[in-house]
Amino acid sequence: MGNNGKYRHEFKYQCSIAQMEILRNRIKTILQLDPNAAFGQYTIRSLYFDSPNNRCYYENESGTDPREKFRIRIYNSSSNRIQLECKRKQRGKTLKTSCALSLERYHGIMNRSRLDIGPDDPDVLRKFIYLCLTQNYRPSVIVEYDRIPYVYSSGNVRVTFDMNIRTSNMFDHFLDEQIVYRPIMPTGQHLIEVKYDELLPDFIQESLQISELQQSTFSKYYLCKKYSLGGIL
């Protein structure tokens, strides 16, 4: 599910339920369902970190280039796999680096009892801990959504349908099976993401053509954080 070490193109489109169904019916005939989606989809929950002055949020808003944001991510509300991830945006492309976190290390980060940097720690963890110590990075917002992912090996293409995007500030309950959320998209609105390395095959690009599909310039983190700050979506 990652792209460690390689910059990729990444585009997001806001769409209605009807538009999503049209595109899904096209895509599923030419792309394979991601094998990680054992039941056709999975749920992604991410805990984003930011500085007290919301540096990452405002860099996203202003389009700062380059910019980075850090998050801890789990799948299907399970703590069996906890990932620390950094997403770097530069010159219109995205680089994601990640490393696994043990449950013990996760709790040490959350309660700030283990913000040490060990000699064997991956670079992404070392940088994150450095920001926690020097810029007081702390939990900022939780983002959760249900994803139906399709893949195409040539060009490392991923087309994902992200539904029911929701947010929470129950940081201490991040690993709970269920937490209280609020939806952040207008009723009936979802997101489609298209990611690829260098070139998007023509037949995939053509299958994604639909009138009035709105490209989104902001991340899910930005939209959820804006909602929590009282902004109007």
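Phe49 counts as buried because its relative accessibility is 2%; buried means under 20% relative accessible area, exposed over 50% and partly exposed in between, with a 1.4 Å probe and protein chains only. The model is predicted: local features need pLDDT of at least 70, side-chain atom pairs count only at pLDDT 80 or more, and totals for chains, interfaces and linings use all residues. Residues are numbered from 1 along each chain as its sequence is written, and side-chain values use heavy atoms, with hydrogens and water left out.

A pair of aromatic rings is described by the distance of the centres and the angle of the planes. Rings of Phe, Tyr and Trp (its six-membered ring) pair if their centres lie within 6.5 Å; planes under 30 degrees apart count as stacked, over 60 as edge-to-face and the rest as tilted. The count of aromatic pairs by this rule is ten. Helices (H or I, at least four residues) and strands (E, at least two) are DSSP runs, numbered from the N terminus. Phe128 has 0% relative accessibility and therefore counts as buried. Ring pairs also bring Phe70 into a cluster with Phe49 and Phe128.

Strand β3 (residues 42-50) also holds Arg45. Arg45 is at 2% relative accessibility, so this residue counts as buried too. Its side chain makes a polar contact of 3.1 Å with that of Ser77 and another of 2.6 Å with that of Glu144. A polar contact is a pair of N or O atoms within 3.5 Å; within protein, one must be able to donate a hydrogen and the other to accept it, and residues adjacent in sequence count only if both atoms are side-chain atoms.

Lys93 is in strand β6 (residues 93-101). Not counting residues up to four places away in sequence, Lys93 touches Tyr7, Arg8, His9, Arg88, Asp197 and Glu198, where contact means heavy atoms within 4.5 Å. Lys93 and Arg105 are twelve residues apart in sequence, and their C-alpha atoms are 30 Å apart in space.

Charges are also found over rings. The charged end of Lys220 sits over the ring of Tyr145, 4.5 Å from its centre, and that of Arg166 sits over the ring of Tyr181, 5.6 Å from its centre. The rule asks for NZ of Lys or CZ of Arg within 6 Å of the ring centre and within 35 degrees of the ring normal.
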